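Please keep the structure open alongside the text while reading.

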Amino acid sequence: MITQVDIFTLKNKPVSRADREQGEQLNGRESEEYSIFFKVVAEVEGKEYIGLGEARPSSISSETLSRATRYGKKLARGLAGKPLPIMAGEQGYAHQVHGVVQQVVSEIFGYTEEGNTQQRPSPSVCFAAECALLDIIAKHHGVSVAQLVSGNSERAVVRNVFNDRLKNTEKLLADIADGKAVEGWLRRGRRIGADKASALVNSLLFALKDKQHSLEGIILNAGQRWQLEEWKRFCDEISLSGLTEKMGVEVVVEDPFAEISDAFYREAFAYAKGKRIRIMLAKPVWGVASVRTLAPYMANVDLKITPQKAGGFHEVLETERVAKELGFEGGVFLGNLQNTSNFTTLTILALAKSLSNCRYFPATFKREKKVRLVHPRAERNGTQLVAPEGSGWATNVCRSGLKRRLMYHRAYGVEGRRPEREARKSLLRSVFDDRFLSRESVESQRFKYSDETLAKALQGAN
């Protein structure tokens, strides 16, 4: 049973005096600079577990910080006292946890399971609550969240996109000429026109054609500004050189068209048939309802799904399942948010391992110094991200982040709201004490240097 739920807001950037004076009057102008954390305490078979989840309200999900905080308080109050599913049902833990959260949502807001996910209050808050409950269940079973959701059979992630944005094409081309290795997926997040897009792709492919590389694809954001004739011209200019076929590189265009018409899209799909050019649909917000709305397109597109705005951890998995029933054969791009934290990267990494069609996703592995939000974080190993070892998310909120960037805190138990002073002390005791991490890192580097120097000296003596 859930015995206590804490909801607290941390700022991703240093807190100014004006922020302190603002206190609880949080506005939505800079919502992306904040993280709303859920800390859920539950008793399972006589043992206490703590689960964490993070909500990232932003303009992308049509949320403001104040609104998400208000919904978070109501959801936290409603979760206290609810039982947790310990035994997996036919549809898995993710579905059961989704049911617990949506039961509270329906009790508080009057939304039913048949309601559109995108219309439910604060999808990022629902996502955070599901992550916290999954964390508890995974810790109880001694496995990671990815193993819990995927049934101990994590799928391999083909490639992580580390936000290799194509902002400075000239610099990238110069680096390629100097021998820089290009691998995985390259993505341009800023909107680009059709003529500039074809020139960008061709220049990159010509620069790489006689060099060793492991480039898998190029992602371009069209911003719903292209016309059908521009799309045809783009396809002709890319296929004319034949480099995409020779080099095995895919070109994916995000949201090329503003017009939503079956005949319009069918003509675009037909023109790109046989070419290594695909369309990625990123708008509207992708949940189960969105997929069913545009079912005729599923066989010809990739999907961009942003977990924080999809409405829940389970909703992302369900979206892929429903899309495959409708003939979906493309790849899933898991979208992230600006100024994201290392915790959100852990949740996206778990989703990427649980989805069968996840081809790529952006990832953040911020090397936070004196003030950290969570520790440990995902580490980069070559071209892949590796999650911390341990059960659940295997991470915790840091003492430095809590003390220096805390903007708001409420705690709710079975009997209602807990006294603020007592709840604050309890929260501070439960976090990770990171005061000596910097010192340990410096010492480890010093000892590593000393060991290497000693090894070279011994090798020379022998």
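Predicted model: local features only at pLDDT ≥ 70, side-chain atom pairs only at ≥ 80, totals over all residues.

Among contacts in the protein with a separation of 6 or more, 77% are accounted for by residues 24 or more positions apart.

**Helix packing**

- Two packed helices are described by the angle between their axes and the distance between the axes.
- Helix 3 (residues 93-109) packs with helix 13 (residues 313-325) at an angle of about 130 degrees, and their axes are 8 Å apart.
- Sorted by class, the contact of helix 3 with helix 13 has two nonpolar, three polar and one charged residues.
- In a second pair, the axes of helix 6 (residues 169-177) and helix 7 (residues 194-208) come within 10 Å and cross at roughly 10 degrees. Because angles under 35 degrees count as roughly parallel, helix 6 and helix 7 are described as roughly parallel to each other.
- Helix 6 contributes Thr169, Leu172, Leu173 and Ile176 to this contact, where they meet Leu200, Ser203, Leu204, Ala207 and Leu208 of helix 7. By class, the contact of helix 6 with helix 7 has seven nonpolar and two polar residues, with no charged residues.

- In soluble globular proteins, nonpolar side chains tend to be buried together.
- In this model the largest nonpolar core has 121 residues, and those with the most contacts inside it are Phe38, Leu220, Trp231, Phe234, Phe313 and Leu334. Helix 4 (residues 123-141) supplies the largest share of this core, namely twelve residues.
- Another core, of six residues, lies apart from it and has Trp185, Ile219, Val252 and Phe333 among its members.

**Buried and exposed residues in helices and strands**

- Val5 has its place in strand 1 (residues 2-11), and with a relative accessible area of 0% Val5 is buried. Leaving aside neighbours within four places in sequence, Val5 is in contact with Phe38, Lys39, Val40, Ala76, Leu79, Ala80, Arg410, Ala411 and Tyr412. Val5 and Gly78 are 73 residues apart in sequence, while their C-alpha atoms are 9.3 Å apart in space.
- Thr244 is found in helix 9 (residues 243-247) and, at 1% relative accessibility, counts as buried. Apart from neighbours within four places in sequence, Thr244 is in contact with Leu205, Ile238, Val249, Val251 and Arg276.
- Arg429 is found in helix 16 (residues 420-430), and its 64% relative accessibility makes Arg429 count as exposed. Although Arg429 and Arg399 are 30 residues apart along the chain, their C-alpha atoms are separated by 8.8 Å.

**Backbone geometry in loops**

- Most residues other than glycine have a negative phi, and most peptide bonds are trans.
- Glu45 is not a glycine, yet Glu45 has a positive phi of about 50 degrees. The place of Glu45 is in the loop between strand 2 (34-44) and strand 3 (47-55), and Glu45 is exposed, with a relative accessible area of 68%.
- Asp255, likewise a residue other than glycine, has a positive phi near 45 degrees. The place of Asp255 is in the loop between strand 6 (250-254) and helix 10 (262-272), and Asp255 is buried, with a relative accessible area of 4%.
- The peptide bond from His375 to Pro376 is cis, and its omega is near -5 degrees. Pro376 itself has its place in the loop between strand 11 (374-375) and strand 12 (379-381).

Conventions:
Residues numbered from 1 in each chain as written. Heavy atoms only, no water. Axes fitted to C-alpha atoms, helices over the stretch in contact; angles between N-to-C directions. Helix = DSSP H or I, 4+ residues; strand = E, 2+ residues; numbered from the N terminus. Parallel < 35°, antiparallel > 145°, perpendicular 65-115°, else oblique. Contact = heavy atoms within 4.5 Å. Nonpolar A, V, L, I, M, F, W, Y, C, P; charged D, E, K, R; others polar. Core = buried A, V, L, I, M, F, W, Y, C linked by side-chain atoms within 4.5 Å. Buried < 20%, exposed > 50% of the residue type's maximum accessible area, 1.4 Å probe, protein only.
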